[in-house]
Amino acid sequence: MRRRRFVGVLGGLALLALGSACSRSKDSAPKEGTPKTEAPAAAVKLVPVKLALNWVPEPEFGGFYAARDQGFFKRAGLDVTIQGGGSGVPVMQMVATGQVDFGIAGADEMLTARARGLDVVALFSVYQTSPQGLMAHASRGAKNIQELLSSGTVALEPGIPYAAFLKKKYGFDKVKVVPYDGGVARFVADKDFAQQCFITAEPLAARRQGADPAVFLVADEGFNPYTAVVITRGALLEEQPGRVKDFVAAVREGWRVYLEDPAATNAVMGKLNTSMDAETFAGASAAQKPLIETEETRAKGLGTMSRERWATLGQQLVDLGLIDKVPPVDDFVRPQ
């Protein structure tokens, strides 16, 4: 089911390097950041834009589909094609090489790519709190991740940064670590089995199969990378800053509408991702909302990012040996 995004990034970067060598408000005034509305869409020659997702259509991408289907992109003069992703889709490389204009990535993988020389910059973050976590059966009585890791078996995907963070913080000497297989069948069958999860996915699936998972966010342990980050290449931002700004403004408006009422957009995504039913779409939308809409976003706007958090994440990746040094944050964090 989920979630094989970070693994293979380093290999993809190596291949990329080889390839490069070869070749509104109460009155009628619009809200700050709302896409342009001066001319009807029909009177504007729309600019084609490609957005690559790093997973299949699910609620974590609801605001992007809402921006498209509610006409916010067109109002901004953009004809946006949304490309669904999946396991192994090299979004970072696609953005860096100009195959697509924008992409969705995790902050940890984006920062790792930047540290290795890719021309990628962060513009907007959907999730303010990372939805990654571990889940165990409630019957075990674990109160936190430390207790979860004190016994039994846990399934973790090799190479993911938060697994390295948890291993360094707590050690894995009291728990048996096995590879994550992408599903919940073993979890449902084994009361001593725990596993990694995405709060909008595996816990919902396990509950629908009769299990009672207790879910613990890795963010509560101090490792909280922004998730579902909109990225572009630095060259595009420098050459066409207006297009980038308009795109992000439309995205922000799309997310505002989706968070208010996700039903219509969920129905659209449900036709593209038939592996999820309407109940699961609704459950995932509700589960993710407090991770997206926070006190900070209410004060500063949806998608806000702080340079301090990016710097903290960078230092964590250095401490884990995943990058050699933290790139200058202002070089790659360019909120719009």
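At 3% relative accessibility, Ala228 counts as buried, since the cut-off for a buried residue is under 20%. The residue belongs to strand β10. This description rests on a predicted model. Ala228 is not a glycine, yet its phi is positive, at about 60°. As a rule, most residues other than glycine have a negative phi.

## The chain as a whole

The protein chain has 336 residues, of which 54% count as buried. Its secondary structure consists of 16 helices and 10 strands.

Glu221 is located in the loop that runs between β9 (213-217) and β10 (227-233). With a relative accessibility of 13%, Glu221 counts as buried, because the limit for that class is under 20%. Which side chain makes a polar contact with the side chain of Glu221? The partner is the side chain of Tyr170, at 2.4 Å.

When residues up to four places away in sequence are not counted, Glu221 touches Ile145, Phe165, Leu166, Lys169 and Tyr170. For one of these, Leu166, the separation along the chain from Glu221 is 55 residues, while the C-alpha atoms of Glu221 and Leu166 are separated by 8.2 Å.

Helix α7 spans residues 161-170. Its buried residues are Pro161, Tyr162, Ala163, Phe165 and Leu166. Phe165 and Leu166 are also among the residues that Glu221 touches. Just after α7, Gly171 adopts a positive phi of about 80°.

What do the buried residues of α7 pack against? The helices involved are α5 (107-115), α6 (145-148) and α15 (307-319), and the strands are β5 (132-137), β6 (153-156) and β8 (193-198).

## Leu148 in helix α6

Helix α6 also holds Leu148. Is Leu148 buried or exposed? Its relative accessibility is 1%, so Leu148 counts as buried. Leaving aside residues up to four places away in sequence, Leu148 touches Leu134, Met135, Ala136, Arg140, Ala142, Val154, Ala194 and Phe216.

The C-alpha atoms of Leu148 and Lys174 are separated by 9.9 Å. Along the chain, Leu148 and Lys174 are 26 residues apart.

## Helix pairs

Two of the helices that meet the buried residues of α7, namely α5 and α15, also pack against each other. Their axes are 10 Å apart, and the angle between α5 and α15 is about 70°. The arrangement is therefore roughly perpendicular, because angles of 65 to 115 degrees fall in that class. On the α5 side, the contact is made by Ala107, Asp108, Met110, Leu111 and Thr112; on the α15 side, by Trp310, Leu313, Gly314 and Leu317.

Helix α2 (residues 62-69) and helix α11 (residues 241-260) form another pair, with axes 7 Å apart and a packing angle of about 105°. That angle makes α2 roughly perpendicular to α11. Gly62, Gly63, Phe64, Ala66 and Ala67 represent α2 in this contact, where they meet Ala250, Val251, Gly254, Trp255 and Tyr258 of α11.

Helix α12 (residues 263-272) and helix α13 (residues 278-292) have axes that come within 10 Å and cross at roughly 125°. Asn266, Met269 and Gly270 of α12 meet Phe281, Ala282 and Ser285 of α13.

Conventions. Residues are numbered from 1 along each chain as its sequence is written. Side-chain values use heavy atoms; hydrogens and water are left out. Helices (H or I, at least four residues) and strands (E, at least two) are DSSP runs, numbered from the N terminus. Buried means under 20% relative accessible area, exposed over 50%, partly exposed in between (1.4 Å probe, protein chains only). A polar contact is a pair of N or O atoms within 3.5 Å; within protein, one must be able to donate a hydrogen and the other to accept it, and residues adjacent in sequence count only if both atoms are side-chain atoms. Contact means heavy atoms within 4.5 Å. Axes are lines fitted to C-alpha atoms, for helices over the stretch in contact, and angles run from 0 to 180 degrees between N-to-C directions. Angles under 35 degrees count as roughly parallel, over 145 as roughly antiparallel, 65 to 115 as roughly perpendicular and the rest as oblique.
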